[in-house]
Amino acid sequence: MSILEISDLSLSFGGVKALQDVSFRVPENTVTTIIGPNGAGKTSLFNCISGFYKPQQGTIRYEGRELSSGIKPPKRAALGLARTFQNIALFRGMTVLDNIKLGAHVHMNSGLLASMFYFGAARREEMEVRREVEHRIIDFLEIDHIRRQPVASLSYGLQKRVELARALAMRPKVLMLDEPVAGMNREEKEDMARFILDIREEWGVTVLMVEHDMGMVMDISDHIAVLNFGQVITEGEPADVQKNPEVIKAYLGNSDIDSLRRKLNPQGEAA
Amino acid sequence: MRIGDAKQTYEADEAIWTSNTQKLWFGLLLLILLLFPFMADSYLLYLGCLVGIAVISTTGLNILTGFTGLISLGQAGFMGVGAYTVAWLSLNTGLPFPVTLLLAGLMAAAVGILVGLPSLRVKGLYLAIATLAASVFLHFIFAEWESVTGGMGGLSLEPAHLFGWTFQSDFRMYFIIVPLAVLMVFAARNVLRTRVGRAFIAIRDRDISAEILGINLLRYKLMSFALSSFYAGVAGGLFAYFYRVVTPESFPLSMSIFYLAAVIVGGMGNLLGGILGAAFMTLVPEALKLLTAALTPFYPNAPVFMSPMLEIIFGALIVGFLIFEPHGLAEIWHRIRRFFRLWPFRN
């Protein structure tokens, strides 16, 4: 069963075709990864799914219902689509805790008047959210030591982790991660890979990510879709995708493996 | 001094005052505010009332500009709406002042929502110009809609009244203005530490991110405009009761700039900063006048020399603050607090 199904999606900016007839599916409760060279259209695809770009053609079905362009980003968030950004998009003026609490925004109800008065309903709701954030997210992602710090003072790796925490506070069904380990050192990458696997297993959340780190992609993905020049070349399990000649061509250029080997090692051929 | 600050519950951790020392200092402040009118002469009392009104309006503008990131030059116009509402209601109905002030706030909030409508499309300086246009338009209405506003001559009104009390003197007005200012600052503090306030700050810091979290930008921007102009409307209403005359010239454009300057000098996005900024902007010109008076016995020409200088000195002080204290007066306060946090056990 697929929780997200993209069919024949096309998006162009003027003459530039960012996506052409893109079709693929995200099976429920998997880690699905979109890979492809720079400029292949991966982030554009994310922006279509979260509602920032309006594709000219094609459909996006989420849990069986179509996400038409009339469903704006805030509504999609309320439906359970959460995401992080390639270049971190945290609220720099706030503490880690407030950033994460913002993730729970759609699950809270306090209006302006209740907030002004605070005591009573607004406070009760705030404390419930605080408890949930502390117990389920801050402990889980091991960021309890930084909860009071302004996010601007944190390292890059920790900021990425806080952004993940904020997305989790949205209680998502599909979590979209745009390059979750870019720019991280090895230890930070391993932590992040562990979190992603735990999110899928313990929380039952479907993860859709864009990532360039092939080692990690092949290790933790259940399903991979390969995008090149706005088109899906292939999709399938990691082992199959790795062997696909089209994929190798997209990554290594227009030559087959044997000729590449010959170029790299001319003596070997003579021998 | 504050040491060993461990909390057992989330309620205690999220309280406004997290230590007894803070509660003590705040109690002391309330006591001083309560005793002030009994000690102060009429001039100081007058200034106290002015600062109270300025604090309410600055807090409102701080919510909009400091916390939501929407620059507005319409604050004086919104205050005007509140003042005219109070004046008209007190002339044409017998409503007591709490009701007229509330209606003044609501009326200003409604106008604020209208003025805020372009904010979804225009940002930054463009929004400032849009609000500037709105304030010019409001000024035009104040001056020309004679049947309601009394035209250029304006409206004079009776003192505020409630249960047979009339609030004619500055002394009595103080007891309306200052408690209201304290309450409204607290209401703002509460908004800013809960869901709605976080949404405001999110819009200021990164609006695309806010949208992805499910925050409806238009709704929250308009809410911020409404809240901010509600504060302005109440401040304008108090202004009307305080001077008991309202004319179009009571709310010039320079007043909007005054409040924007108060927010910036005090510290954008900091409620305490707004309060300090309001006090600074109100009191420094007065202090400079006092200085002139003090100099006159020694230099008989001082008034001639000083009166044109006052504006320049005032301007230079503001520029100086922007250069040397870009985070505003609130930052000075935080520095003092940090110093005393572990005092006397430093290092």
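## Overall make-up

A residue is called buried if 20 or more other C-beta atoms lie within 10 Å of its own. In this predicted model, buried residues make up 42% of the 271 residues in chain A.

Chain A holds 12 helices and 10 strands. Its C-alpha trace spans about 80 × 40 × 35 Å along the principal axes. Of the contacts in chain A with a separation of 6 or more, 67% are between residues 24 or more positions apart.

## Two domains

Chain A is divided into domain 1, made of residues 2-80 + 172-270, and domain 2, residues 90-167. The centres of domain 1 and domain 2 of chain A, taken over C-alpha atoms, are 29 Å apart.

Where the domains meet, nine residues of domain 1 of chain A are in contact with seven residues of domain 2 of chain A. On the side of domain 1 that touches domain 2, the elements giving two or more residues are α2 (73-79) and α7 of chain A. The residues on this side of domain 1 divide into seven nonpolar, one polar and one charged.

Strand β1 of chain A covers residues 2-13, and strand β2 of chain A covers residues 16-27. The two strands pair in the antiparallel sense, over eight bridges.

Phe13(A) stands opposite Val16(A), which belongs to β2(A). Two residues lie between the strands of this hairpin, and Gly14(A) takes a positive phi there, near 60°.

## Helix α7

Helix α7 of chain A runs over residues 186-203 and has 18 residues. From its first C-alpha to its last, α7 reaches 25 Å, close to the 26 Å expected at 1.5 Å a residue. After α7(A) comes Gly204(A), with a positive phi near 65°.

Which residues of α7(A) are buried? They are Met192(A), Ala193(A), Ile196(A) and Ile199(A). Seen down the axis of α7(A), the buried residues fall within an arc of 120°, so they line one face of the helix. The cover over the buried residues of α7(A) includes the strands β3 (31-35), β7 (174-178) and β8 (206-210) of chain A, and also helix α8 (214-220) of chain A. On the other side of α7(A), the exposed residues are Arg186(A), Glu187(A), Arg194(A), Glu201(A) and Glu202(A).

Terms used. Residues numbered from 1 in each chain as written. Chains lettered and ligands numbered in written order. Predicted model: local features only at pLDDT ≥ 70, side-chain atom pairs only at ≥ 80, totals over all residues. Pairing = 2+ DSSP bridges. Helix = DSSP H or I, 4+ residues; strand = E, 2+ residues; numbered from the N terminus. Expected span 1.5 Å × (residues − 1). Buried ≥ 20, exposed ≤ 12 C-beta atoms within 10 Å, placed from the backbone. Arc of directions from axis to C-beta. Contact = placed C-beta atoms within 7 Å. Domains from an automatic or database assignment. Nonpolar A, V, L, I, M, F, W, Y, C, P; charged D, E, K, R; others polar.
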